[in-house]
Amino acid sequence: MRFRDLGVLTISAGRSDRTPGGRRPASVLAALLVELNQTVPTARLIERVWGGHPPYRAPAVIESHVWRLRQVLEPARPAHTPPTVLITDSGGYRLAVDPDDVDSRRLAAAVAQARTDLAAGRAQPALDGADAAAALWRGTPYADVVEEWIEPVRDRLAELWLSLREARVAALLETGRAEQALAEVTPLIAEQPYREQLRAQQMVALYRCGRQSEALDAYRQARIVLHDELGVEPGPQLRETEHRVLTHDPALTLPAPPVATVMPLRLSSFVGRATELADVQARLSAHRLVSIVGAMGCGKTRLAIEAAARSTFPDGMCFVELAPVGTPEVTAVASAVASALRLAARPVAALDTVAAYVAERRMLLVLDNCEHLSESVAAAVEALLAAAPGLVVLTTSREPLDVDGEQIVRIGPWPPPSPELSSVLSNPGAQLFADRVRVFDPEFAVDASTAAAVARICTALDGIALGIELAAARLRAFTLDDTADMLSDRPAGLGRSGRGPARHRTLADAVAWSHRLLRDDEQVLYRRLGVFHGTFSAAAASAVCGAPPLRVELVPDLLASLVHRSLLAPVPPAVPGGSTRFVQLVPVRAHAAGELAASEEADAVHAARNAWSAALVSARPRIGLPAQDAWYDALESDRDQVRSLLRETLAPGVDPAELATGVAAVARLVSFWHNRSGMVEGLSWLSSAEERVADDREAAAVSGFERALLSAAHGAALGFNQRMTEAHPYIDAARAALADPAAVPEDLRPDAGQALAELAAAAWVGDDPGLAADLATEAAEVGAGDPDVVLAARAVAAAAAILDRSDGGADQAEVVLADATSAGNAFAAFFASMALGVESLFTGQPLAGLQRSEESLRHYLAMGGREAGDLWELRGNHHAPAGQFADAARCYGASAACSRRSGMPWPRHPHTTDLLALTRSRLDPAVFDRAWAEGQRSAVPLRGAE
């Protein structure tokens, strides 16, 4: 059990944190903690809870509060057994607790130990102890106790807290970390401007950074503050420090150790970068300059520290934190290195001093966070490597140094896991999350009850190590599910509760650090890219983001620059043979989108993105032509941008012109959704569009023709999903507007014919051959001027005749197949060959049917289809009559998996049920199950090369 009194009074036990249970019990517990292990008289408790105005029967009320506290302190204590924590003594009560279990006592002990260590010259142990104790402070001590008596206690603890930070600054100075000491003492002086110890530490830090004039300025500023506001002169310590600075007292300069081994402690376990660690170690053994490069928060620094710790250099190693260095000059970088090496050097001579020190040494120099000083770091590294043949340099940065011979090890976020337990257990990000949670909750485990929430957290944070560690810390205050919910809504706002680098307080701070380093033109492109959801291509970025002040032809170079700076990640093409794509990590995109929203160009960039997406959709080729496959690929690659278009243009209350754009897009996407596993999503968008056009005020700009195309698309989607009863009203509405050639303007007839042909195909899939034949006839009449529309209509008509068992259907299909093959129309060839496969099923020719199914698959792939659930089902229906039952089971398993992925019912056709039953009856159940499972595993979306 632990009493956390440096903040809101909390009792920690196991995995839970509990409060005392109210204001009065908190006051009682505070009084007992202040006089720990001593008997506190009841009268004193009464005075501290109520002051000079106790209630009647106050002792009884105190006893009641003590009883409530015991329920919190020893909830499992058996009845009628004496308490062992809050004990009743003669005339009062005593809290019997180990002082090490009370945060305020641990803080006091840490301060005393740090002072002892510093006095004995043990600066590093003092620093380590101060670091550990600093995590105890959570804010105002006893924050929930409001009585006046607690104020002196708070003042005493605040003084201890300040003393701890003073000791930490002293330890930083004594371990050669002058730059870091300066960064920490400066805000302390703002809090305590009259504390001369802090002023003296600031002067020493400035001097050891090679900034003597600034150290003297700090003394003058201290003198002004003390004289003007307190009417006193600086004390002996400040005056002596000024004298030592003026005379360059050698005691102010730390002697350089014979072996420079100055590295941060590894206080946390190393998780998830075994491959990269081995790579860095191998390169350090063979090369002189190795750079770990990656986006913010991916764990570059931790990897560098681990690689250094596992390496051996005869003359040691030194870690240099460059983040506090704000001056982009070689002298500033050299001064930071000199400070870390504990070398006395004036800034102008710092590089020469460091070069002289490392010249004869075989050592490792680790330069951390170089991105904001890349040019000056590169110059300094080149000079030092030239001066010191035995020197090896390891850097971390968000961009390479571009120095000859530089070995680059790129690291990125971990891929997020899927919700399945096995995926979460093997995922490095999830392993890191669990490891960091177990620091304060040793019982935490990833199991069936926690895996899904852990996966959600890792996914929301895009696998970024910094975000995962920050999220793990959230579990000190929130449940796992609460944390997952919060991150799903606002991942970039995730922040650090305790100490840590300012640039890593939140994920947004980490991104902003990189953003500030961009050139003006890079910042413009960076914020404009925030308009893209998911991945995007260079062509999309150029078209959407290339408006002035940028130039379209320069956008690819700027994209490469953002990749170089780790603010943009290249990803493989979404489809085989596609172009390279790019993505902003979740916190990067959140920051970029915020920058865009705050700019004056937000509306224009959103409009450009929507115009580009609408043009992509409207570029739909005629049904069955070779370009249809490429169009599907383009839509699949930019599915996220199409979704953004629909989300913004189909929202309630949008401008009528925008609604017209959204309706037109939805009406043209049904074949894409059907052939590329998107029908569930498509039906949702179609319903949204129908709701919008039902409101005459919103739909004023939507033409009657576009409404008819929307009805046709909705009816086709439902038909392809075999929901013909629901489809009929939409089909009727579409036919009323599109089926009469005289009612459709001539230039729109090919589009009307294509919509009717797609409806005919959907009716055939929905097992309504009569309606399919009627729609095919109407499609051919309306689209008579377009041979591809007519050919598609003929193919569906032939398929309808076969399904309806009409005479001559097979002959019609053979003619259509020949014509379609000659014309290069893959849709018509697919439909005709599939219909002939059905004919083979009806006529009892399964082997011929299998040949037809292979032919159908070839044409289906050629037209851009990827979800072959219908074809696998039909192929299974040929295997079963042929006696190939294991093959039939595999095909049925594949078809069922495809249908489930597409949101389609299964089986799709009535005759499958009997053949499936036949297959089951002819196979051993274990053999059937194994074949079915093999089919399900093989049912991945097809590719054109198959």
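Modeller: Here is how some of the labels come about.

Modeller: This is a predicted model, where local features need pLDDT of at least 70 and side-chain atom pairs count only at pLDDT 80 or more, while totals for chains, interfaces and linings use all residues. Residues are numbered from 1 along each chain as its sequence is written, and side-chain values use heavy atoms, with hydrogens and water left out.

Biologist: Okay, why is Ala190 called exposed?

Modeller: The cut-offs are under 20% relative accessible area for buried, over 50% for exposed and partly exposed in between, using a 1.4 Å probe and protein chains only. Ala190 comes out at 66%, so it counts as exposed. You'll find Ala190 in helix α7, residues 178–191; helices are DSSP runs of H or I with at least four residues, strands are runs of E with at least two, and both are numbered from the N terminus.

Biologist: And what makes Gln722 partly exposed?

Modeller: Its relative accessible area is 21%, so Gln722 gets the in-between label. Gln722 sits in the loop between α32 (704–720) and α33 (724–738), and has a positive phi of about 60 degrees despite not being a glycine.

Biologist: What label does Asp767 get, and why?

Modeller: Partly exposed, because Asp767 has 31% relative accessibility. Asp767 also has a positive phi of about 60 degrees without being a glycine, and lies in the loop between α34 (749–765) and α35 (769–782).

Biologist: Why do you say strand β9 is largely enclosed?

Modeller: Of the 6 residues in β9 (316–321), 5 are buried, so the rest of the structure largely encloses that strand.

Biologist: How do you know that β9 pairs with β10?

Modeller: Two strands pair if DSSP finds at least two bridges between them. Here 5 bridges join β9 to β10 (residues 364–368), and the two run parallel. Met317, for instance, stands opposite Leu364 in β10.

Biologist: Now the helices: why is α34 called roughly parallel to α36?

Modeller: Axes are lines fitted to C-alpha atoms, for helices over the stretch in contact, with angles from 0 to 180 degrees between N-to-C directions. Under 35 degrees is roughly parallel, over 145 roughly antiparallel, 65 to 115 roughly perpendicular and the rest oblique. α34 and α36 (787–803) pack at about 20 degrees, with their axes 9 Å apart. That makes α34 roughly parallel to α36.
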